[in-house]
Amino acid sequence: MEPACRIFGCKAAVPAELAQESFCPLHFAVSVEQKCADLRRETVGGAPDEGRRAEIVRYLGEAGQTLARVATGNQRLPDELKARILNTFLTLMNLRENMERAAARQKTKMEVANQGTKP
Ligand SMILES: [Zn+2]
């Protein structure tokens with residue numbers, strides 16, 4: 001028997017690529033999008049420190065790789081799910097970009113502040 005998706009009431013099959021996550025492709029995409037929304041809220045106020053940023057970058061990379069494996073895996077995906085997955089990739093890319101931009105802004109701000117204290 002194929003393992004079931006961990007979302008209550010979901011009967012969709014879990015592909016081998018998501019066995020560890022126990023999600024069907026749709027609910028994996030949804031969970032990544034939710035996590036990205038949380039991370040976005042976290043990074044919107046100010047850039048996270050380097051350690052946290054490295055953690056987020058690692059998460060984005062892992063989620064993207066898993067998603068790519070699902071997208072090109074054995075399980076046939078309906079067109080709307082393909083579109084959803086592409087959209088999730090876009091979310092991952094945009095989050096990465098926003099975070100880099102916030103970090104660059106903070107760096108500039110710090111440089112300007114440092115210059116102000118120099119004689
Ligand atoms: Zn599911």
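Which residues have the most contacts inside the largest nonpolar core? The legends below treat this core and its surroundings in a predicted model.

**View 1. The largest nonpolar core of the predicted model.** This core comprises 19 residues, and F23, F28, V32 and L95 are those with the most contacts inside it. At least two core residues are supplied by each of α1 (25–44), α2 and α3 (79–117). Helix α1 provides the largest share, five residues.

**View 2. Surroundings of F23.** When residues up to four places away in sequence are not counted, F23 touches C5, R6, V14, L18, F28 and S31. Among these partners, F28 also belongs to the residues with the most contacts inside the largest nonpolar core.

**View 3. L67 in helix α2.** L67 is placed in α2, which runs through residues 50–71. L67 counts as buried because it has 21 C-beta neighbours inside 10 Å, the threshold being 20 or more. Beyond its neighbours within four places in sequence, L67 is in contact with V32, I85, T88 and F89. A54, 13 residues from L67 in sequence, is 20 Å from L67 in space, C-alpha to C-alpha.

Note on methods:
Residues numbered from 1 in each chain as written. Predicted model: local features only at pLDDT ≥ 70, side-chain atom pairs only at ≥ 80, totals over all residues. Helix = DSSP H or I, 4+ residues; strand = E, 2+ residues; numbered from the N terminus. Buried ≥ 20, exposed ≤ 12 C-beta atoms within 10 Å, placed from the backbone. Contact = placed C-beta atoms within 7 Å. Core = buried A, V, L, I, M, F, W, Y, C linked by C-beta atoms within 7 Å.
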